Amino acid sequence: MARSKNRMSNEINAGSMADIAFLLLIFFLVTTTIASDKGILNVLPPKQDPNVPPPDIKKNERNIFNVLINANNDLLVEGEYRRKAEGLDKDFKDFIMNFGAPDEEAVALYNSLPASLQAQAQRRPESSDHPGEAVISIKTNRGTSYAVFLEVFDLAKKAYFDVYSERVGLTSDEYRALTGDDEASKALQDKGKEGIPMAISIAEPDKAGGN
Amino acid sequence: MAKFRKKKLGGSDQINTSALPDIIFMLLFFFMVTTVLREQDVLVDQKIPQSSQLQKLQNKTLISYIFIGKPKNTSLYGTEPRVQANDVLISSPEIVQWVNQERDKLPEADRSSITISMKVDKEVKMGPISDVQTELRNADARKVLYASTKKLDQE
């Protein structure tokens, strides 16, 4: 009796607590997959009403930057053959910021840009009039690999994000991390985008090389 | 030298480990909270392509996942790329119904902003993807996220 009383008064040994916790920790470490919800956002065009003919959009050829990707994953960029997509972002950027024939609004836009962006305006007559008009068009075949398409789409996004971020003085990563949830980040986001809509058109793939 | 030795003697001879369980428990709780135990059984190959211009979605509840790739069990499902939604492989016309089901799960105010995260295998061609996108347009779920991982070799 006396003995057991003596035992009760002892403290519980907590030395193995850490071991138990470790065991649980390792279990959760192994089973955890931190979900990645990262990716490239795209908004699809609305469904086309079969009774309404598609709108006839008149656009100057120079305002459209055509990228075709065929079933062999070869690229045709503005009529020129390319094997790899690398460097396309530079071409996209040059095209967007060309300011070939700016109207009044575009001139005001141009004047509001930081000097580093202004310097990029090449003002070539055969390229886009101004950012508001410029459209990047990506067309694929049904047999085109998704990886190549995504690479080109990624580069097109990069061109726009580079412009936006340069305009507000952030790095591209910082700009993309803006959530738009609070006033300040929303204001920055809008300031970057203002007057330069992200116009990336993805044409319906044609039948070649597909299934 | 003597000075140093004196100091050493003054210190306790063992590190106090009584806070160790607390630290471990903290880590444990972190992983318990972030763990998603009910991970979907993905029935198709998933080698996600890499890209640089990643954006993160704010509201996870608005995302529904669609998996596209070559079936893992080729003897049962063949080698052509298939679409998986929830735990089953579905054919293109069923996507509209699936989107509507997913949308019904959301609160009414959020239904229009449903986002479909497309987890597409590298090897898939554009054909099946465009079919899926056509169906998504039919279902009026037009916000699409091409799931992708960070490209490591940047410039």
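**Close-ups of a predicted two-chain model**

In chain B, take the contacts between residues at least 6 apart in sequence: 76% of them join residues at least 24 apart. Keep in mind for every panel that this is a predicted model.

**Figure 1. Chain B, with its five helices and eight strands.** Walk along from the N terminus and the elements come up as α-α-β-β-β-α-β-β-α-β-α-β-β. Chain B has 155 residues, and 28% of them count as buried.

**Figure 2. The open five-stranded sheet of chain A.** Read across the sheet, the strand order is E4-E3-E2-E5-E6, and the pairing is mixed. Strand E4 (80–82) and strand E6 (200–202) of chain A sit at the edges, each pairing on one side only. Going from one strand to the next, the twist averages 20°.

**Figure 3. Where strands E5 and E6 of chain A pair up.** Strand E5 covers residues 135–140 of chain A, and its pairing with E6(A) is parallel, over three bridges. Look for A:Ile138 here: its bridge partner in E6(A) is A:Ile202.

**Figure 4. B:Asn59 in its loop.** This residue belongs to the loop that links strand E2 (55–56) to strand E3 (63–69) of chain B.

Notes: Residues numbered from 1 in each chain as written. Chains lettered and ligands numbered in written order. Predicted model: local features only at pLDDT ≥ 70, side-chain atom pairs only at ≥ 80, totals over all residues. Helix = DSSP H or I, 4+ residues; strand = E, 2+ residues; numbered from the N terminus. Buried ≥ 20, exposed ≤ 12 C-beta atoms within 10 Å, placed from the backbone. Contact = placed C-beta atoms within 7 Å. Pairing = 2+ DSSP bridges. Axes fitted to C-alpha atoms, helices over the stretch in contact; angles between N-to-C directions.
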